[in-house]
Each structure stands twice: as C-alpha cells, then as structure tokens.
Amino acid sequence: MASTKTGAQGGRRRPTVADVAREAGVSVATAGRALGDYGRVGDALRDQVRAAAARLGYSPNGVARSMRSGSTRTIGFVGVDISNPYFATAMRGICDVARKEGYEAILANSDDRLDIERAAVKVLLEKQIEGIVVAPNAVIDVGHLQRAQELGVPVVLLDRHSGVLDADSVVIDNEAAAREAVSHLLRLGHRRVGMLLCVDPSESPELVTRAGTGRLEVHGAARPSIDRIRGYVAAMDEYGAPTAAELIRYTVVGEAAHLQREAEALLDLPDAPTAVFAADNVATQGLFTAVRGRGLGIPDDISMVGFDDLDWTTLVDPPLTVIAQSPMDMGRIAAERLFARIKGDDSPGERIILPTELIVRSSAAGRDAVHTV
C-alpha cells in the first residue's frame with residue numbers, strides 16, 4: 001500500500017522515481033524507463049509501474065518528460081584520464097561492443113574531478129544517451145549517477161565499485177594484486193620494500209599511520225590506490241618485513257615527472273629500499289626513469305615490479321616484471337552489461353571481478369644478487 005511521507009516543513013514530499021520503484025517492486029532504472037517511455041520495458045511492467053505512480057500521485061519532471069520513446073543509439077563513457085593508456089584501452093573495448101550493437105559512444109574526461117564528472121553526466125543525459133559507463137571519482141557521493149538511473153538510464157561502473165549504488169561494476173581485486181606483487185619481492189629475499197603510486201586528490205594526506213600494535217593502518221575509502229596500499233601492507237605483515245610510512249611514496253598528480261620525484265625520494269632515504277613496487281602504470285614509468293637517471297642497474301642495484309603490461313615494459317632492458325590486467329576486457333564486459341540493462345535486464349547489480357596476472361620477467365632478482373643502493 002502506498003505510504004505518505006512528509007518533508008521538513010510538514011507538507012507532503014513530492015514522490016520520486018525511487019518511491020514509484022519501491023511501490024511497483026521494480027528497480028529504479030526500470031521505473032525510470034517505464035515512466036519516461038525510454039528504453040525497453042514490457043507492456044505489463046510499464047502498466048505496473050504507471051499504476052504505482054498513479055497511486056502515489058507521481059508526476060514526471062521536465063527532463064523525464066523530454067525522454068523520447070525513440071532510441072538515440074548512443075551511450076556515454078566518463079573516464080578519469082583518457083590520456084592514461086588504461087582508460088584509452090578500456091574505451092576501445094566499450095566502442096567495439098557499442099559498434100556491434102549499432103550504437104555510438106560519446107566520450108567525456110573527468111580529469112579525476114567530481115565536479116567535472118557531474119557536469120559530464122548532466123550533458124550526457126541532456127543528449128538522451130541510453131546508458132553510461134563511468135569510472136567514478138567517488139564511491140559514496142554518487143547522487144548524480146542515481147539521478148541517471150531514476151531517469152531510466154542504466155549505469156555501469158568501471159574500475160571502481162560503489163556499495164551505495166545498485167549498479168553493475170567491473171573491477172579487479174586491487175588488494176590481492178598488490179599483495180601478489182609485493183609477495184614476489186619478499187619471496188626473493190627483499191625485506192626493505194618501497195611502494196610508489198598516485199592517489200586521489202580527495203584522500204587524506206595521512207593515508208598511512210602507525211597503529212598502537214605497531215602495524216601500519218591504511219585510511220581511505222575503497223579505491224584502487226587505497227586497496228593496493230592495503231595489499232602492500234598485508235604482504236609485508238605476512239612475511240614479517242619491517243614497514244614504515246616513509247617507504248610509501250605517492251602523489252596526487254598522475255604525471256610521470258611527479259612520480260619520478262617521489263621515486264627519487266625513496267632512493268635518497270638513508271636506509272633505501274632494495275626493491276620497489278610501482279602500483280600503477282604512471283608510477284612504473286616514473287620509477288624506471290628515476291632509477292635510470294641515477295645510473296642504477298635493474299635488478300643489480302634495485303629490483304622493481306610495475307603495474308599494467310604496457311608495450312614499453314617489454315621493450316626496455318631489462319623487461320619489467322608487472323601485474324597485468326586487461327582494460328580491453330574490462331571495457332568490453334562493462335559495455336556488454338550496459339547493453340543487457342538497456343535491453344531490459346532488471347536483475348540486481350553485480351560486482352564482476354576480473355583476474356590479474358603476475359608476469360615475471362627480469363626486473364626483480366634475489367636479494368643475494370642485489371647491492372645496497
């Protein structure tokens with residue numbers, strides 16, 4: 001039975017699409033499509049949603065009314081940094097699937113800023129795209145993505161998962177991947193292992209603190225960078241290796257030059273690490289450049305494990321040991337999930353975790369073969 005809710009001033013609150021979805025027993029995305037005559041919804045389900053809307057006294061807003069019953073044959077992709085090979089390759093996977101479906105993809109770059117992401121989603125909705133794949137800047141502040149769902153536009157998350165948004169997400173297990181990389185170095189006999197990465201600007205500058213137990217504690221929401229730090233700490237603890245906040249160097253600017261300076265700070269420590277895990281592809285480039293700039297040998301002077309199996313990592317001497325993921329597959333699967341939603345799949349959101357692989361090459365050697373930097 002329909003319920004009546006009141007606002008802060010005691011008057012009745014205007015029913016929302018989410019209210020209609022609960023009343024009809026369907027997802028918000030399905031309710032939005034049915035109310036806006038947008039996308040593919042069966043006649044019986046559309047009648048069910050409209051009956052629920054009538055019981056609640058719901059009336060669509062201007063944007064929802066503007067949704068046409070005809071298809072625009074377009075989807076959107078909002079990436080964090082499309083100059084990064086990871087997102088560029090993921091975009092290729094999305095476009096390949098869209099093309100097979102007879103759709104075109106509209107690209108937006110958020111520059112790792114939530115305000116730009118919100119603006120991009122707004123523009124995409126105004127262009128009446130039929131679905132959005134987004135690598136979200138925030139995993140809690142997702143009201144703009146929920147709004148898209150309320151308008152009947154399905155959303156699929158790439159690279160990050162949100163526990164507050166009922167949407168499919170395509171991710172890797174970042175903590176496990178980092179743990180495997182660092183464990184590889186520890187198995188080789190290294191104990192002084194550094195970490196280098198780029199983190200989100202919104203994260204606290206105090207990402208890592210020493211707990212009363214002596215163990216490093218990692219702060220921040222579940223994001224790839226934060227989860228990779230957690231994996232690093234877990235591996236170091238498992239092997240009984242000494243940990244210190246000074247061994248984890250990071251920057252909020254995802255440029256190789258900035259990561260190179262952080263890598264140099266690692267190399268300049270009085271008790272410098274004998275091995276370093278670079279936890280993203282930009283950090284991998286920055287670390288390699290810093291080590292070469294110091295005239296150090298890899299792995300003779302320092303061992304390293306990088307992230308992402310980019311072409312250049314096999315062209316340098318020595319070829320780099322890396323954690324490999326497949327952004328092409330991630331983009332493809334995200335797009336496939338999106339089109340399943342566009343076609344009417346109304347099942348609960350699914351977290352799809354794709355595998356990673358440690359590819360062992362020549363950039364890490366046993367501790368006995370390594371000199372102190």
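This is a short chat about one predicted model.

Biologist: What should I know about the model before I start?
Modeller: It is predicted: local features need pLDDT of at least 70, side-chain atom pairs count only at pLDDT 80 or more, and totals for chains, interfaces and linings use all residues. Residues are numbered from 1 along each chain as its sequence is written, and side-chain values use heavy atoms, with hydrogens and water left out.

Biologist: Where does Ser162 lie?
Modeller: In the loop between β4 (155-158) and β5 (168-172). Strands are DSSP runs of E, at least two residues; helices are runs of H or I, at least four; both are numbered from the N terminus.

Biologist: Is Ser162 buried or exposed?
Modeller: Buried, because its relative accessibility is 2%. Buried means under 20% relative accessible area, exposed over 50%, partly exposed in between (1.4 Å probe, protein chains only).

Biologist: Which backbone oxygen does its side chain reach?
Modeller: That of Val139, at 2.6 Å. The Ser162 side chain also reaches the backbone nitrogen of Leu165, at 3.5 Å.

Biologist: New topic. How many residues are in the largest nonpolar core?
Modeller: 82, and Ile229, Tyr232 and Phe277 have the most contacts inside it. Such a core is a set of buried Ala, Val, Leu, Ile, Met, Phe, Trp, Tyr and Cys residues joined through side-chain atoms within 4.5 Å.

Biologist: Which helix gives the most to this core?
Modeller: α5 (residues 85-100), with eight residues.

Biologist: And what comes just after α8?
Modeller: Gly189, with a positive phi of about 105°. Within α8, the buried residues include Asn174, Ala177 and Leu186.

Note on methods:
Polar contact = N/O pair within 3.5 Å; in protein donor to acceptor, adjacent residues only side chain to side chain.
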